[in-house]
Amino acid sequence: MAQDRKTRTKLPSILGGTMIIAGTMIGGGMIAIPIATAGVWFYRALLILIYSWFCMTCSGLMLVEANLHYPQGSSFDTMVKDLLGKNWNIITGVTITFVLYTLVYAYITVGGDITNDILKVNFNVGELPTQVGGLTFCIVLAICVWISTKVIDRLSTILIIAMVISFVGMSTGLLRNINFDFLSNNLPDVTDNNYWKYIFYALPVCVTSFCFHGTAPSITAYYNRDGRKVQKAILWGSLIAFAVYTLWLMSVQGNLPRAEFLEIRKPANEVRMMIDKINSHVSIPTMGDLIDFFTYVAIISSFLGASLGLFDYLADLFNIRNNRFGRLKTALITFLPPLVCAMIFPYGFVTAIGYVGFAAAIWSIIVPALMVLKSRKRFPNGTYKVFGGKFLVYFIIFFALLTIGSMLATELNIIEPFAK
C-alpha cells in the first residue's frame, strides 16, 4: 500500500497533461476556424464548435478506455490489430499517418513563414525563401520531440502560458472593438443570407481543430495508465481549447465583416492575408506583433503535440526501441516526409487542415468507438469506462459519418465553400 501511494505521488501533475492536450489542439484551429466558418458565420459556428468539442472529447476518452487494456506504451497499431483485426488496422494505419503527417506538414508551412519574418527582423537578413524558415522551425522542434515526452510537457506548459498572456493582450483589444452588427452579419449592404449550407465546409475543419487523439496513448503512458488522471487532463485541455477558439472566433469575426473573407480566401497564403486584414481594421498599437506572436506560439504547440503522437505511433508500429538511437530513427521517419513536402509545397495550410478532417473522422472517431464496443465485450471488468453506454457510441459514429459526408459534398462540389 505504501509503495502504491509512492507510485501515485510520482505521477506527473494534471497541469502537464492538460497543457499537452490543449497545446495539441490550439494552433491550426486558431487560423483555420475563422476562415472555414466564414460561410456559417459566428452564431452558427459556435454551435458547430460545441458539437465538435463534445464528440471529439468523448471519442478521445473512448480511445483511452480501450488503451488501458494494453501494456504501457501501446498505441493504435497494437490496439486496433487485436480488437478490430488486420483490415481495420490497415485502414487505421493509413488514415492516422495521413492525418498526423499532414498536420505536421501544415504546421511547418505556417511556422516556417513566421520564422522567416523573425529571422529577417532580428538578424537583418534580406528576403528569405519560405523553405529556410520551415527547415529551421522543424529541426529545432524535432530535437525537443526526440529527447523525451517530459520535454514536451515542460515546453507545452511554457507555450500555453505565453499563449495566455499574448491572447489576453490581443483579444482584449479586439473584443473591445467588436461590432455586433458584424457578428450577426446585420449590415446594410449584405446580399448573401445563406448560412447553413456552408456547414459542410466548416465541420471537417472544426473536427480537425479538436483532434488530439494521436497524443492520447502518449498521455495514457505518461500517467502510468491512470484513467482518471488521463480523463481530467483531456477534459481540462479540451475545455481550454474550446474557450480560446470561441473568444478568438468572436474577436476575428466581430472585427471583420463577413464579406472580407471573400478576399481572404483568394490568395495562396490565406493565413497572412487574414492577419493583415485584422491589422488594417483594428488600429491598436502592437496588435500586429501580438497576433503574430500568438499565432507562432500556437503553431509550435500544435506541432509538438501532433508530432509526439506520430512519433509514438511509428515507434509502436515498427517496434523501435525507446533509447537514444531508437528515438533518432523514429525522429527521422517522423519528420523527414512532412519536411520534404513543406520544401516542395510551402503553402496550402487551410486546404491541408480540411482534408485532414475526412481521415480524422475514421481513425479518431469511428475506430475508437468500434474499439470500445469490442473491448467492453472482451474486458467486461475494466476499471475505467466512458459514460453514455452504447447510445453515446452510436451518437459518436453518426458524427463521424456526418463529417465524412460533409467532406465528400464539398469535394464533389455539391456544396461550394464561401468564396464567391
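The crossing of helices H5 and H6 is right-handed. This is the opening stop in a model that is predicted.

**Stop 1: H5 and H6.** Select residues 76-83 for H5 and residues 86-123 for H6. The two helix axes come within 8 Å and cross at roughly 155°. An angle over 145 degrees counts as roughly antiparallel, and H5 and H6 are therefore roughly antiparallel to each other. Now show the side chains where they touch. On H5, pick Phe76, Asp77, Val80 and Lys81; on H6, pick Trp88, Asn89, Thr92 and Ile96. Colour them by class, and this contact shows 4 nonpolar, 2 polar and 2 charged residues.

**Stop 2: H2 and H8.** Next, select residues 14-25, which form H2, and residues 149-176, which form H8. How do their axes cross, and at what angle? The axes of H2 and H8 come within 8 Å, and the angle is roughly 70°. Angles of 65 to 115 degrees count as roughly perpendicular, so H2 is roughly perpendicular to H8. The crossing of H2 and H8 is left-handed. To see the contact, show Leu15, Gly16, Met19, Ile20, Ala22 and Gly23 in H2, which meet Ile152, Asp153, Ser156, Thr157 and Ile160 in H8. The residues of this contact comprise 6 nonpolar, 4 polar and 1 charged.

**Stop 3: H8 and H12.** The crossing of H8 and H12 is left-handed. From H8, display Phe167, Met170, Ser171, Leu174 and Leu175; from H12, display Val244, Leu247, Trp248, Met250 and Ser251. Which classes of residue make up the contact of H8 with H12? There are 8 nonpolar and 2 polar residues, with no charged ones.

**Stop 4: the largest pocket.** The largest pocket has a volume of about 650 Å³. To centre the view on the largest pocket, select Gly73, Ala221, Asp312, Asn322 and Arg327, which lie nearest its centre among the 25 lining residues. Which helices each supply at least two residues of the lining? They are H8, already selected, together with H11 (216-222), H15 (287-317) and H16 (324-344). Colour the lining of the largest pocket by class to finish: 7 residues are nonpolar, 12 are polar and 6 are charged.

Conventions: Residues numbered from 1 in each chain as written. Predicted model: local features only at pLDDT ≥ 70, side-chain atom pairs only at ≥ 80, totals over all residues. Heavy atoms only, no water. 1 Å grid on protein atoms, 1.4 Å probe; cavity = no way out; pocket = protein on both sides within 12 Å on 5 of 7 lines; lining within 4 Å. Points joined across faces, edges and corners; volume = space filled by probe spheres on them. Helix = DSSP H or I, 4+ residues; strand = E, 2+ residues; numbered from the N terminus. Nonpolar A, V, L, I, M, F, W, Y, C, P; charged D, E, K, R; others polar. Axes fitted to C-alpha atoms, helices over the stretch in contact; angles between N-to-C directions. Parallel < 35°, antiparallel > 145°, perpendicular 65-115°, else oblique. Left-handed = near helix turned anticlockwise from the far one by under 90°. Contact = heavy atoms within 4.5 Å.
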